[in-house]
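Trainee: Please take a close look at a single part of this model and tell me how it sits in the rest. I would like one connected account.

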Amino acid sequence: MAGQQAQGGSIILLSFVFLMVLMLLPLSDSLRFARPEFVLLGLIYWSMALPQRVGITYAWLVGLMMDVLMGGMMGIMAFSYAFIIYMVLKFHLQLRQYPLWQQASFIFTLVLLLQLLLVALSSHTAGSHVFLPAVTSTILWPVIYAILRKLRRSFNVS
Amino acid sequence: MASLAVFFMDSRLNAFSSVRTALSTVTYSLQVIAALPSDMGDWSSEFFQTRDQLKQENTQLINSNRLSNIRLQKLQGLERENMRLRELLGSSFRLSERVLVAELLAVDLDPFLQQVVIDKGKNSGIFVGQSVLDATGVMGQVTAVDPFSSRVVLLTDPSHAIPIQINRNGLRAVVTGRGLGKDLSVQYLPYNADVRVGDVLITSGLGGRFPTGYPVGTIVSIDLPVGQAFAEISVEPAAHLSTSREVLLVLSNTKPDLIIEAQVNETESISLEAE
């Protein structure tokens, strides 16, 4: 079991590298505010599937990377991600049982919560555009879910 | 959760700058990867350009070069005259600044922060507070320097202010950003100040951060709201903040030790000499 525990850590890390690159890809000005929270979706998936591997600390470290990447104040993303993953861990057993559309509505709430946290903590301004990433993330959730599950199964990450 | 709160508070006091520098070397590689697709696009569009297009472009460039040369000769005369007059007045004036050419990385940062990343960092002699220009005007200044890249805060950032003067009459003021694709605004000018729509604003060099005499923007509208102490003046930035790819970093004389360190092959001096 201990040997299996160490398996696939690099796959998780690589998936986050890929998701971070997706967060950085240049988009047109109108689409920029609708960018799905790729990294958060990845964190939610991994913490739901493997809560013993990807927990609050992992989320906090990924968030710290995002802070440096995005150029905001250090610790804001780290705190927000950690807080949201704390919520996910609290409900992860129920979440696994939910059908995909119900998961997606939970995702909508979480991403909206992230946006509100960012409005409260950093320079984000409140407005109707707060909902855009939540909507796009919700739409994208089934895709991310399917891809990451495929990844997890084929590389036997546990 | 308590420890998270502590970390969070710490970060506000900027105790993590060294951690940030270490992490940013990792994130720089991520940014380069993210910029790859658009770089490839640029490269291939350059590669597959037809001969006709190139020829046409070449003619255009030659024409504009000829025009600039003529203007430059005129400017040279004016420059000499200006220097002579200044010598008469007994005030010193720096004629030329040395600049370093850098390129923007095609990555999207937080859309709420008016920042861009450039591909030169501490290793090229960039320092915090250095002014960043493009071909048409002032873009902003450097806020954070990492070994291979640095962050530039644009004029449009709400927390950014730049001392300016009006080119027509020398009236001094401060221009601040308003964020998110809005125009800049001139702060604290009373109703009776001599400003007109179309006035060109240039850097005044006060505050010692920006070099003197670079264009900042043009006044596009003046509003006099009832019941307020100051006029609302909006300014269109002279620099192409959202389209420029190449930027110039001014190596002003405020940091002489860094100028010596900067690589000589990458620096060019803007001296107004006709060949």
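Mentor: Apart from neighbours within four places in sequence, B:Ala193 is in contact with B:Leu171 and B:Ala231. This is a predicted model, and the contacts are read from it as such. B:Ala193 belongs to the loop that joins strand 8 (184–187) to strand 9 (200–203) of chain B. As for distance across the chain, B:Val128 is 65 residues away from B:Ala193 in sequence, and their C-alpha atoms are 34 Å apart.

The core is a separate topic. The largest nonpolar core holds 92 residues, and those with the most contacts inside it are A:Met20, A:Val39, A:Leu43 and A:Tyr81. Its largest share, 10 residues, is supplied by helix 5 (residues 56–70) of chain A. Chain B takes part as well: domain 1 (94–155 + 244–269) and domain 2 (161–237) of chain B each give at least three residues to this core. For A:Met20, leaving aside neighbours within four places in sequence, the contacts are A:Val39, A:Met65, A:Leu69 and, from chain B, B:Leu30.

On confidence, chain A has a mean pLDDT of 85, with 96% of its residues at 70 or more. Where pLDDT is low, the predicted coordinates should not be read in detail.

How values were computed:
Residues numbered from 1 in each chain as written. Chains lettered and ligands numbered in written order. Predicted model: local features only at pLDDT ≥ 70, side-chain atom pairs only at ≥ 80, totals over all residues. Core = buried A, V, L, I, M, F, W, Y, C linked by C-beta atoms within 7 Å. Buried ≥ 20, exposed ≤ 12 C-beta atoms within 10 Å, placed from the backbone. Helix = DSSP H or I, 4+ residues; strand = E, 2+ residues; numbered from the N terminus. Domains from an automatic or database assignment. Contact = placed C-beta atoms within 7 Å. pLDDT = per-residue confidence, 0-100.
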